[in-house]
Amino acid sequence: MKYCVLLISLVCSLQVNAQRSDVNYDENEVPGYNLPELLISKSGRKIKNTKRWEKIRRPEIVKLFQQEVYGKIPKEIDIDEVVVHEQAGDAFDGLAKRRQVELIFRKDDQELSVEILLYLPKINEKAPLFVGYNFSGNHTVADDPDIRLTESWVGDEPSLGIVHNQVTEQSRGAKSERWPVKTIIEAGYGVATIYCGDVDPDRDNFQDGIHPFSYQLGQFRPGYDEWGTISAWAWGLTKAMDYFTSDTDIDSSQVIVVGHSRLGKAALWAAALDQRFAMCVSNNSGCLGAALSRRQFGETVGVITHAFPHWFCENLSKYSSREEKLPVDQHMLLALIAPRPLYVTSATEDLWADPKGEFLAAVEAGKVYGLYEKEGLPVTEMPVPDTPVFGTIGYHIRAGKHNITSYDWEQFIDFANERLTPAE
Ligand code: GCU
């Protein structure tokens with residue numbers, strides 16, 4: 001049995017690797033493509049002002065992403081109980097207060113716990129806040145002995161002591177270089193994080209996480225146009241936002257949703273759906289995040305739906321190797337964030353995520369910012385590495401690998417300082 005499982009996972013990984021090596025990394029091989037029109041409605045109307053954008057085109061585009069890409073999110077699931085496990089723990093040598101809050105969801109005999117770890121600056125006013133998921137548990141983001149350990153399923157990482165899908169003490173602080181909490185707090189922002197697997201474990205199994213809460217009797221997986229894992233993660237962020245509106249230490253009009261890689265895809269989708277997020281940061285989010293699918297550079301829709309089918313709704317598989325038939329492309333997802341500030345990043349060695357495709361999508365999304373008389377990106381040529389550019393959309397390409405680093409966070413903070421405005 002054990003060998004059988006090993007063999008299956010070897011074959012699967014070979015398939016993914018084969019597909020990885022098949023992809024195009026040559027700019028000259030990018031096919032000619034036409035992007036779907038942002039500013040022409042389905043019925044052919046020109047979208048010339050914000051009123052038409054908000055009434056006609058924006059809802060059409062949201063619907064297309066729901067039906068064909070990420071899947072529809074049920075409306076009826078709400079927080080049943082909020083348990084504050086810690087209100088004001090002392091953290092970072094007295095610089096910050098730590099708060100740990102559990103959101104509990106219940107339906108029939110099902111119960112799901114989602115834990116939010118917050119570090120808040122010790123100031124008298126309500127703090128603006130960055131919120132983003134982490135990959136392996138809240139305790140991985142800081143070397144802080146008081147962070148509660150998740151009991152949810154976590155992907156094994158034996159080098160961090162994560163085995164049998166459960167975390168241990170060994171992984172405490174293991175991802176702290178991705179979360180420069182001290183810098184964020186010193187800049188006057190709070191930071192909140194949630195383990196993504198509390199909401200939906202990242203595996204092709206719709207039997208755990210929040211999905212079963214939406215099933216009708218006899219249903220075992222979402223329907224063709226119903227939520228995949230990225231939609232579930234986006235939903236979790238909007239529930240965290242529900243909580244933030246009730247936390248008197250947080251300025252809920254200044255919540256910035258941030259995510260790296262697959263979690264960047266979720267951050268974009270959450271900001272597109274929930275306009276209470278005042279700003280969004282997509283870090284190296286790549287295919288079906290910020291990158292244009294039609295460029296077929298690096299990861300493609302065909303590859304991603306094969307390797308990670310559970311991230312999306314089943315309808316997306318129709319477009320595997322038929323990107324040109326997709327009724328949307330990712331500039332349209334970015335445009336749904338207008339007129340709120342949006343920051344997109346790439347990394348020079350992260351060709352898998354198609355840096356140029358991420359940049360071009362951000363340029364195109366600027367058309368909708370234009371309707372609001374805001375400048376999207378101020379340039380149309382990619383800037384050189386480590387040189388941020390920004391209007392109401394910001395962009396940089398960091399020299400280096402697929403990652404989220406202190407350099408990236410420093411730019412998010414600068415951008416937020418310039419562009420985030422508190423509600424009047
Ligand atoms: C894989 C996947 C990407 C994703 C990345 C990540 O590389 O192909 O689409 O962004 O994992 O989340 O780290």
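Which pocket is the space taken by the ligand? The ligand takes the space of the largest pocket, a molecule being assigned to a cavity or pocket if more than half of its atoms lie within 2 Å of its grid points. This is a predicted model, in which local features need pLDDT of at least 70, side-chain atom pairs count only at pLDDT 80 or more, and totals for chains, interfaces and linings use all residues. Residues are numbered from 1 along each chain as its sequence is written, and side-chain values use heavy atoms, with hydrogens and water left out.

**Stop 1: the ligand**

Select the ligand and then the residues around it: Arg20, Ser261, Arg262, Lys265, Glu299, Ile304, Phe308, Trp311, Trp352 and His402. A residue belongs to this shell if one of its heavy atoms lies within 4 Å of the molecule. The shell consists of four nonpolar, two polar and four charged residues. In this classification Ala, Val, Leu, Ile, Met, Phe, Trp, Tyr, Cys and Pro are nonpolar, Asp, Glu, Lys and Arg are charged, and the others, Gly among them, are polar.

Next, display the polar contacts (pairs of N or O atoms within 3.5 Å; within protein, one must be able to donate a hydrogen and the other to accept it, and residues adjacent in sequence count only if both atoms are side-chain atoms). An N or O atom in the side chain of Arg262 is 2.5 Å from an oxygen atom of the ligand. For Glu299, a polar side-chain atom lies 2.6 Å from a ligand oxygen atom; for Ser261, the corresponding distance is 2.7 Å. On its own the ligand has 320 Å² of accessible area, of which the protein covers 89%; such areas come from the Shrake-Rupley method with a 1.4 Å probe, and for residues only the protein chains shown count as cover.

**Stop 2: the largest pocket**

Pockets and cavities are found on a 1 Å grid over the protein atoms alone: a cavity is a set of points where a 1.4 Å probe fits but cannot get out, a pocket is an open set with protein on both sides within 12 Å along at least five of seven lines, and lining residues have an atom within 4 Å of a point. Grid points are joined across faces, edges and corners, and a volume is the space filled by probe spheres set on the points.

The largest pocket holds about 730 Å³ of space. It is lined by 34 residues, and Phe135, Asp202, Arg262, Phe308 and Trp311 are the closest to its centre. Colour helix H1 (2–22), helix H6 (262–273) and helix H7 (301–307), each of which supplies at least two lining residues. Helices (H or I, at least four residues) and strands (E, at least two) are DSSP runs, numbered from the N terminus. The lining comprises 15 nonpolar, eight polar and 11 charged residues.

**Stop 3: the cavities**

There are three cavities of 30 Å³ or more. The largest cavity contains about 120 Å³ of space. Select Tyr133, Phe135, Trp179, His260 and Ile404, the closest to its centre of the 14 lining residues. Strand S4 (127–134) and strand S6 (250–260) each give two or more residues to this lining.

The second largest cavity has a volume of about 70 Å³. Among its 13 lining residues, Cys287, Leu292, Ser293, Phe297 and Glu299 lie nearest its centre.

**Stop 4: two backbone features**

Finally, select Ala338 and Pro339, which are joined by a cis peptide bond. Pro339 lies in the loop between helix H8 (330–335) and strand S8 (342–347). Asp354, although not a glycine, has a positive phi of about 55 degrees.
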